[in-house]
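Hi,

Here is the structure I promised to pass on.

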Amino acid sequence: MSSQILAVLVVTFLVLGLVGLFAIYLGFKNRGSEDWSVGGRRLPWYVVVGTQFATGQGGGMLVASVGIAYAFGWSAMTYGFLSGAGFLVLLIIAKWLRRNEFTTLPDVLKKLYGDNKILISLTIILAAILPIGWLGANMVAFSALFTQLTGLPTVALMIIFAVATLIFVLPAGLLSVAWTDTIFGIMMIVGTIFVAFFTYNMTGGWNEIVSNVPQESVGIPEGFGAAGATTILVWLLTQSTNTITNQMYFQRIYSIDKVKRVNLSVILIFVLAILTSLWSAFMGIAIHSLNPSLDNSENAMGWLLTQLPTWFIAIFAALIISTIISTASSCVQSAVVNVTEDIYKSYINKKASGQKIKQLSRLWSIILLLVVIILASSFPNALDWIITSAAYVTAGLFFPILMGYFFKNTNILTSQGALASMIFGILGTALAQIIGVEVYPIFGLSFSLVALFVFSLLSKERLKMS
C-alpha cells in the first residue's frame, strides 16, 4: 500500500470515526420514531441550514457540477443558480409545511386532496425515487473520485461507501444525520476554500487559466450559456422545480424547532447554493486549464486529487468522503421513512410501536443500499442519476403540490385530478424520452398541469350528474 493511500485511509478513518461516535451518542439519546423521521421536530435553525447544505452539496457538487464547469465553464453557475432557485419557490409553502407537522411527502398530498389510496400510493413511490436517485449519484461520484486515487474496483468502493453511510443513519435516523451533516458541512466549507487557493496557485493565476480554456466557456456572459439552450432548459425544468418535490428538503423543514425560523433557513440555503456553484465553476475551469484532455468531465475532481501533495490529499479526501456520505445518509433515511411510515405503519400495522419502526428502518436501510449498489454499478453516471430521477418526480408531483397549495381553500381541484396529473406527468416524460426529445421534462410538466385541471373538472361534473 502506498503512503498516499495509507494517509487517506488514516485521516478518513479518524474523521469518520470521531463523527460516527457522535452519531452513536445521539442514538442513545434517541427518544422514538419521530427522532428517526423528523429529528424530533427540535432541530435548531443552524442545524437545519447545515443539513440542507450538506444534503444538497455532496457528490453532485464535487463531481457533477465540477464536471459541468470542466466541459462548459461558467454554465456550472447557471446550473447552480437554477438548482438554488428552487429554494425560493419553497419559501411559498415552507411555513405551512412546518405548521402542519407532516412526517413525509405523502402527508402533504393527504392534507391537500384527502386519503385517496391510489393517489397516496403513487406519491409514496415518487417520494422515494428522488432520494434513491441522489443516493445512486453519490455512490457513483464516490467511486469516480477514488478509483483513480486508490486503484480499487468501483464495486469495492461502493460497498465501502455503503458501510460508511450506515454508520451515520442507523443510530437515530434524521436526528443523527442532521447533526453529523452540519459538522461535515462546516468541515467541507473550510476544505473547499483551501483547495480553491491551492488549485489557483497550481494554475499560475487567472490570466493563465483564461488563456488555456476556450473563450466560449470562460467568457462573460457567453460562458453562462455554453452548455447550450437545450441543456439549460432541461436544468430549469428539473433542478429549479425538484426542490418542491424533494422529500429530503421537506423533512428538514418539518424538523426545525421554531416556525418563525423556517424562512431564514431556506434563504440561507439559497445563498450557500449560489456560493457553492461559484466554487464548482472555478474548480472546473481551473482543472480544464491544468489538463484539457480528460475523456470524461466527471473525472475532473478525481484527477485533481492525484495532483495534490499527500498531506493535502489525505485531509481533503477525508472531507470529500464525509460530505458525500452525509448526503447519502440523508437519502437513505428519507427513502426508508416512506417504507416504514407510509407503507408499514399506514397499511400493515397501524399500531406499530416506535421501537418496531426503528428496527424496520434499520433493516430497510441495509436493503436499500444493497439494491443501489447493484444499480449504480450498472449505470455509472452521476449527473444522469440526478437529472433523470428529478425529471420523473418533478413531472409527477410539482403541480399537484404547488397548485394544490394555491387552491387548497377552494373546491377547484380534486383527488382524481391530482392522480391524473401524476400519471400523465410520468407518461409524458417517458414518451418524450423514448422518442428522443431533448427537452423531455417539458412534456411531463405540461401534461401534468393540463391533466390536473381537466380531470378535476371532469370528476366534479360526474359527481354532479350522479
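One definition before anything else: "buried" means under 20% relative accessible area, "exposed" means over 50%, and "partly exposed" is in between (1.4 Å probe, protein chains only). Keep in mind that this is a predicted model, where local features need pLDDT of at least 70, side-chain atom pairs count only at pLDDT 80 or more, and totals for chains, interfaces and linings use all residues. Residues are numbered from 1 along each chain as its sequence is written, and side-chain values use heavy atoms, with hydrogens and water left out.

Arg-41 is not a glycine, yet its phi is positive, at about 55°. Arg-41 sits in the loop between α2 (33-38) and α3 (helices are DSSP runs of H or I, at least four residues, and strands are runs of E, at least two, numbered from the N terminus). With a relative accessible area of 10%, Arg-41 is buried. Glu-101 also has a positive phi without being a glycine, near 50°, and belongs to the loop between α6 (94-99) and α7 (105-113). Glu-101 is partly exposed, at 46% relative accessible area. There is a cis peptide bond too, running from Ile-220 to Pro-221, with omega near 15°. Pro-221 is in the loop between α12 (215-218) and α13 (229-239).

Next, a helix pair. The axes of α3 (residues 45-56) and α14 (residues 247-255) are 10 Å apart and meet at an angle of about 170°. Axes here are lines fitted to C-alpha atoms, for helices over the stretch in contact, and angles run from 0 to 180 degrees between N-to-C directions. The two helices are therefore roughly antiparallel (over 145 degrees; under 35 is roughly parallel, 65 to 115 roughly perpendicular and the rest oblique). On the α3 side, Val-48, Thr-51, Gln-52, Thr-55 and Gly-56 take part, and they meet Met-248, Tyr-249, Arg-252, Ile-253 and Ser-255 of α14.

α10 has 30 residues and spans 41 Å from first C-alpha to last, close to the expected 44 Å (the expected span is 1.5 Å times one less than the number of residues). Within α10 (residues 174-203) you will find Thr-199, which is buried at 0% relative accessible area. Thr-199 touches Met-283, Ala-286, Leu-290 and Leu-304, not counting residues up to four places away in sequence; contact means heavy atoms within 4.5 Å. As for α5 (residues 75-90), its 16 residues reach 24 Å, close to the 22 Å expected. Of those 16 residues, 13 are buried, so α5 is largely enclosed by the rest of the structure.

Which residues touch the most other members of the largest nonpolar core? They are Leu-97 and Val-108, in a core of 139 residues. Helix α17 (residues 310-348) supplies its largest share, 16 residues. Such a core is a set of buried Ala, Val, Leu, Ile, Met, Phe, Trp, Tyr and Cys residues joined through side-chain atoms within 4.5 Å. Beyond its neighbours within four places in sequence, Leu-97 has contacts that include Val-108, Phe-250 and Ile-253.

Finally, Phe-399 is in α19 (residues 382-406) and counts as buried at 14% relative accessibility.

Cheers
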